[in-house]
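Hi,

Here is the structure I promised to pass on to you. Have a look at it first, and then read on for what turned up.

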Amino acid sequence: MSSVAGRDLGHIETVRALAALSVAVFHFSHYTNGTNFLINSDDARNITIHGAQGVELFYIVSGFIIPFALHRAGYAITDYFRYLGKRLSRLYPPYLITILAIISMNFILCKFIWHIDFDIHFKQVIVNVFFLADLFPEWGWINPVFATLEVEIQFYLLIGILFPFMMKNNGFYLLISAALLLLGMLTRDTDTALVNMPYFLTGFNVFYLMQNGNKWISGLIQLSILFCLYRYFQWPDLFVSILGFVLILWLPRKLTLFKTTGKISYSYYLIHGLLGGWFLYFTSSLPSWSNYPWLYFLLALAISWVGAFILYQLIEKPCLRWSASIQYKRNETKK
């Protein structure tokens with residue numbers, strides 16, 4: 001099996017799009033105005049509830065694409081802080097803009113719609129900006145979605161240190177993977193990158209298989225991952241790991257389905273709750289909301305998509321260029 005470095009990986013955008021849309025489908029189909037769900041069919045919601053596994057699909061994509069980018073760039077441990085600069089310069093500005101948008105929207109609603117005092121806690125803003133809400137639960141997340149970004153950043157911090165060692169040889173890869181899975185199983189009372197390591201390792205394992213072609217080692221790791229998911233998680237978690245492995249490994253490399261949605265998937269993930277959620281909130285009193293729920297469901301998806309596209313063009317896209325300008329010791333192709 002040839003090296004992964006020179007491969008066309010356009011299909012990754014399709015997988016990202018599926019992950020982002022799945023999460024939005026879950027959130028909007030389970031939206032409630034306090035009396036009724038938007039989608040009142042229990043059967044439909046029992047299906048769309050599995051869209052929540054889009055989060056785990058994002059983890060799998062990160063587990064693949066981060067090692068891919070590090071390998072292609074000739075990453076060394078001495079590049080660790082440049083690597084963090086590349087990741088955070090891409091992720092942080094859209095995240096901060098989203099926090100600002102949520103606070104601004106709440107201010108407008110309190111001041112002009114609800115006519116109540118706007119109460120903002122500076123400490124809550126700080127713990128959200130620095131992903132510390134889990135350490136200070138009395139303040140909590142401004143948006144619960146942000147908790148998953150904390151897990152992503154923990155993975156970035158960890159893999160930047162471990163990647164060079166995991167790529168040394170099969171023995172190191174086996175040992176480190178086993179240690180990560182074990183630590184995750186021993187700390188299951190918290191939602192961290194270690195607990196979600198079966199998903200990140202699924203993505204890493206696809207990368208390792210494509211790069212080294214060692215089916216025996218990759219097969220052993222994947223069986224260990226599936227065992228952990230079967231033993232300690234639920235069947236949808238097991239399914240999404242298998243699905244993510246299959247999609248990344250076997251989808252056509254030049255697949256362009258949902259290419260634009262894949263590109264804006266991070267912005268979509270950040271902003272869909274704000275735009276789609278508030279759209280459903282303001283329309284929930286209309287008679288047609290109950291009569292044509294799927295129409296409002298699709299409109300929520302579409303409005304969120306347009307907002308995400310604007311956020312991508314104005315903020316995320318320039319951040320991608322900024323991230324690409326941070327070089328390691330040798331020149332690299334833009335991720």
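**A pocket and a helix pair**

Among the elements around the second largest pocket, α12 contributes the most to the lining, with seven residues. Please keep in mind that this is a predicted model.

The volume of this second largest pocket comes to about 560 Å³. Its lining is made up of 25 residues, and those closest to the centre are His-27, Asn-143, Pro-144, Val-145 and Gly-273. Two or more lining residues come from each of α1 (11–29), α3 (54–72), α4 (80–113) and α12 (265–283). By class, the lining holds 15 nonpolar, eight polar and two charged residues.

α12 also packs against another helix, α14 (residues 293–325), with the two axes 7 Å apart and at an angle of about 140°. Angles over 145 degrees would count as roughly antiparallel, so α12 and α14 are classed as oblique to each other. Their crossing is right-handed.

Which residues of α12 and α14 meet? On the α12 side they are Tyr-266, Ser-267, Tyr-268, Ile-271, His-272, Leu-275, Gly-276, Phe-279, Leu-280 and Thr-283. On the α14 side they are Tyr-296, Leu-299, Ala-300, Leu-301, Ile-303, Ser-304, Trp-305, Gly-307, Ala-308, Leu-311, Tyr-312 and Glu-316. Sorted by class, this contact has 15 nonpolar, six polar and one charged residues.

In short, α12 both lines the second largest pocket and packs with α14.

Best wishes

Key. Residues numbered from 1 in each chain as written. Predicted model: local features only at pLDDT ≥ 70, side-chain atom pairs only at ≥ 80, totals over all residues. Heavy atoms only, no water. 1 Å grid on protein atoms, 1.4 Å probe; cavity = no way out; pocket = protein on both sides within 12 Å on 5 of 7 lines; lining within 4 Å. Points joined across faces, edges and corners; volume = space filled by probe spheres on them. Helix = DSSP H or I, 4+ residues; strand = E, 2+ residues; numbered from the N terminus. Nonpolar A, V, L, I, M, F, W, Y, C, P; charged D, E, K, R; others polar. Axes fitted to C-alpha atoms, helices over the stretch in contact; angles between N-to-C directions. Parallel < 35°, antiparallel > 145°, perpendicular 65-115°, else oblique. Left-handed = near helix turned anticlockwise from the far one by under 90°. Contact = heavy atoms within 4.5 Å.
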